[in-house]
Amino acid sequence: CSCFNLFRFPFSTFPTFHFTSSYVFFALRIMTTSRKEQLKQIEQYVETTHFNHEEVEKFQNFFHTMTDSKKLDRNAFREILHKHFNLTETMMMDRVYRAFAISGEGGVTEFDFIHGMSVVLRGSLEQKVDFVFKVYATSTDESNRLINRDTMFFLLKHTMVKIQNEEERDEGIKDLIELVLKKMDVDHDGKLSLADYTESVTKDPLLMEALGPCLPDEKVCLFLKIYLISIFPTHIINLLPFLLCCSIPLTS
C-alpha cells in the first residue's frame, strides 16, 4: 500500500546496527510493558468516562497525533475546535480551552482531553450544563461562579450576528439579556447561578447554549465518531515503534 511508503527506509540511510535475538526480545519486552501500562490507563478512562476501550484508545491516538508533548497548548486545541467542532469564534474557543484544562498543568493533558470529550460528546444533561456554565462564567471559584449582565453582554457581543451600527447592536444585546434573564433567572437576582441554569435547561434543553455555541452539534459528533474509527487502525499504531526500530519494510 502506497500509504506505508514512508516506512520503507533504505538501510543505507541508517547507521549499521546488529539486531541480535537478545535485542529483539528486549525491544518486545519494552513494548509489552508499555502496552500493559497503556491498557491499565485505558481501563481507568473507561471507568470514569462514557467511552469504551476502543474509543478511549482512538482518542489517545488522536491526542498524540496533535502534540509531541504531554499536553495540547492553546493553539493546537483551537485547531481541533475549529476543524472538528466547527467553532470559529476565538473568544469562545479560549473559554472552551479553559473549561477542558481541568488538571491545571498549563495546557490540556490527555486526561483533560478524554474526560472533556466524554462530557461534550456523551455526557448527561447535568454534565453538559455544568460544562457550558463553566465556559460562560468567569470566576474560577466554584462557590461564587455566577454569570452577571456584563458577562452576558460580552458573550453575546462576540457570538451574535455582526451589526455595523454599534448603538443598534448594543441595544439588541441588552434586549437579549433581558430575555435570557426572564427565561433563566429563577431566583430573580439579576444574574445566573449554576442552579438557575440547571433548572432552566432541564425544563427547556434548547436554552443550553443561550449565550453562544460551545458544544459540537449532532452532525459534528457523528463526523468525529466516524473520523476516529477510520483513522490509524489500532494494531498498526501499536506496532509502529517496533517496525521503525527494526527497519522492517511494510508490504502492501
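Predicted model: local features only at pLDDT ≥ 70, side-chain atom pairs only at ≥ 80, totals over all residues.

Residues are numbered from 1 along each chain as its sequence is written, and side-chain values use heavy atoms, with hydrogens and water left out.

Let me start with the overall picture. The protein chain has eleven helices and two strands, where helices (H or I, at least four residues) and strands (E, at least two) are DSSP runs that are numbered from the N terminus. If you read along the sequence, the order of these elements is α-α-β-α-α-β-α-α-α-α-α-α-α. Of the 252 residues, 38% count as buried, and here buried means under 20% relative accessible area, exposed means over 50%, and partly exposed is in between, with a 1.4 Å probe and protein chains only. As for contacts, which means heavy atoms within 4.5 Å, residues 24 or more positions apart account for 61% of those in the protein chain with a separation of 6 or more.

Is Phe133 buried or exposed? Phe133 counts as buried, because its relative accessibility is 1%. Leaving aside neighbours within four places in sequence, Phe133 is in contact with Arg145, Leu146, Ile147, Leu192, Ser193, Leu194 and Tyr197. One of these, Ser193, is 60 residues from Phe133 in sequence, and yet the two are 8.6 Å apart in space, C-alpha to C-alpha.

Ser200 is found in helix α9, residues 194-203, and with a relative accessibility of 5% Ser200 also counts as buried. When its neighbours within four places in sequence are set aside, Ser200 is in contact with Lys183, Met184, Val186 and Leu207.

The next two residues are about backbone angles. Most residues other than glycine have a negative phi. Asn86, however, has a phi near 65°, a positive value in a residue other than glycine, and the place of Asn86 is in the loop between α3 (74-84) and α4 (90-100). His188 is not a glycine either, and has a positive phi of about 55°; this residue sits in the loop between α8 (166-184) and α9. Asn86 counts as exposed at 55% relative accessibility, and His188 is exposed too, with a relative accessible area of 69%.

Finally, the aromatic rings. How many aromatic pairs does a search of the whole structure find? The search finds ten, where rings of Phe, Tyr and Trp (its six-membered ring) pair if their centres lie within 6.5 Å, and planes under 30 degrees apart count as stacked, over 60 as edge-to-face and the rest as tilted. The rings of Tyr45 and Phe111 have their centres 6.4 Å apart and their planes at 45°, so this pair is tilted. Because Tyr45 lies in helix α1 (residues 21-48) and Phe111 in helix α5 (residues 110-122), the pair ties together parts that are 66 residues apart in sequence. Tyr45 is buried, with a relative accessible area of 3%, whereas Phe111 is partly exposed, at 38%. Ring pairs also link Phe51, Phe59, Phe62, Phe63 and Phe113 into a cluster.
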